[in-house]
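This report describes selected features of one protein structure. Please view the sequence and the structure before reading on.

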Amino acid sequence: MNIREWGVALLCTVIPGDDFMPLTLAQLRTLGARVRAMGAPEQPMNELRPEDLCRMGYPAPEAARICALLDREERLERYLDGARSKGIYPLTRLSPDYPERLRALLGMNAPPILFCAGDAALLSKPAVAVVGSRALHEPGRTFCQNIGKLAAGEGVVLVSGNAVGADQTAQDACYGAGGSVICFLADELSRHLPRSDRELMISAGGYDLPFTNARALSRNHFIHAQGRKVFVAQCDSPKGGTWAGTTENLSRGWSEVYACDDGSVAMGELVERGATPVPKTGLRSLEEAVPFQGRFLAY
């Protein structure tokens with residue numbers, strides 16, 4: 001980790017027990033711009049003093065917060081030692097292995113630091129994602145298994161969120177068929193270490209953070225952005241995490257969206273918003289998944 005990445009880790013890692021909230025990516029960008037404007041672009045972040053930050057336009061409480069974050073080098077070292085002991089490592093937004101699709105598609109909503117366990121090389125490989133309900137019905141289960149097995153058979157990485165239901169069904173089918181899986185977690189990474197180098201487990205901000213609804217919603221963004229194609233296995237109603245993540249993807253155009261054509265109201269509404277329906281029995285190949293526009297152009 002070079003000095004710039006170390007600065008990102010100091011300012012953006014969530015260390016349990018800290019009194020100060022880490023910076024978001026937008027706040028980190030603002031700080032960097034103000035440091036450069038002050039005329040000291042090479043000054044190490046940890047040498048900034050409260051009076052420097054006040055001259056940059058920060059109010060005193062915010063200047064104190066930033067200095068407190070930069071002053072926790074020993075705590076961060078211990079935190080990272082704990083990660084290494086579990087086979088966990090950080091990727092900052094400046095790291096060469098940081099997922100390019102998150103950086104390009106999510107912009108200021110991309111997480112400034114990720115904690116990973118497994119092979120980061122999976123992040124650069126073609127990927128599809130599966131999302132869906134926790135209380136999975138039989139058509140949704142068959143659909144998830146179909147997509148998971150196809151991903152394995154076609155050498156495509158499967159991306160999901162490790163939640164019970166659709167996520168774990170698709171992941172288990174892919175992994176069991178010899179495929180590779182990336183999981184963006186909403187709870188403690190230290191509880192979900194990979195079984196082999198065919199699994200990559202990722203948690204944003206820290207490696208031992210508990211589940212929260214906010215983390216789950218953010219995690220859904222990462223899944224939708226990382227997969228070039230996103231398959232919605234089941235959405236029981238036009239509300240909840242699956243609905244929110246999918247409709248935001250459709251509005252922002254992060255990736256192609258395919259909805260299991262199970263006859264439900266929610267799936268029908270997703271199709272009306274731009275998702276492409278897929279038979280609930282599944283596909284013979286992932287290549288069959290082509291958006292409506294692509295199907296039109298093919299004739």
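Asp 52 counts as buried, because its relative accessibility is 4%, which is under the 20% cut-off. The model is predicted. The side chain of Asp 52 meets that of Arg 55 in a salt bridge, with 2.5 Å from N to O. Arg 55, in contrast, is exposed, at a relative accessible area of 57%.

Both residues belong to helix α3 (residues 50-55), where they are three residues apart, about one turn of the helix. A network of salt bridges links Arg 49, Glu 51, Asp 52 and Arg 55.

## Other salt bridges

The whole structure holds 13 salt bridges. One of them joins the side chains of Arg 252 and Glu 248, at 2.9 Å from N to O. These two residues lie four residues apart in helix α10 (residues 240-252). Arg 252 is exposed at 53% relative accessibility, whereas Glu 248 is partly exposed at 21%.

Glu 188 and Arg 191 also form a salt bridge, at 3.5 Å from N to O. Arg 191 is exposed, with 55% relative accessibility.

## A negative patch

Asp 71, Glu 73, Glu 74 and Glu 77 form a negative surface patch. Asp 71 sits in the loop between α4 (60-70) and α5 (73-85) and is exposed at 67% relative accessibility. Glu 73 is in helix α5 and is partly exposed, at 31%.

## Two paired strands

Strands β4 (residues 157-160) and β5 run parallel and are joined by three bridges. Ser 160 stands opposite Cys 183 in β5. From β5 (residues 181-184), Val 181 and Cys 183 point one way, Ile 182 and Phe 184 the other, and all are buried.

Methods:
Residues numbered from 1 in each chain as written. Predicted model: local features only at pLDDT ≥ 70, side-chain atom pairs only at ≥ 80, totals over all residues. Heavy atoms only, no water. Patch = residues over 30% accessible without salt bridge, like charges linked within 9 Å, V, L, I, M, F, W, Y side chains within 5 Å. Areas by Shrake-Rupley, 256 points an atom, 1.4 Å probe, with all protein chains shown as cover. Salt bridge = Lys/Arg side-chain N within 4 Å of Asp/Glu carboxyl O. Lys, Arg positive; Asp, Glu negative; His and termini not counted. Charge placed at Lys NZ, Arg CZ, Asp CG, Glu CD. Buried < 20%, exposed > 50% of the residue type's maximum accessible area, 1.4 Å probe, protein only. Pairing = 2+ DSSP bridges.
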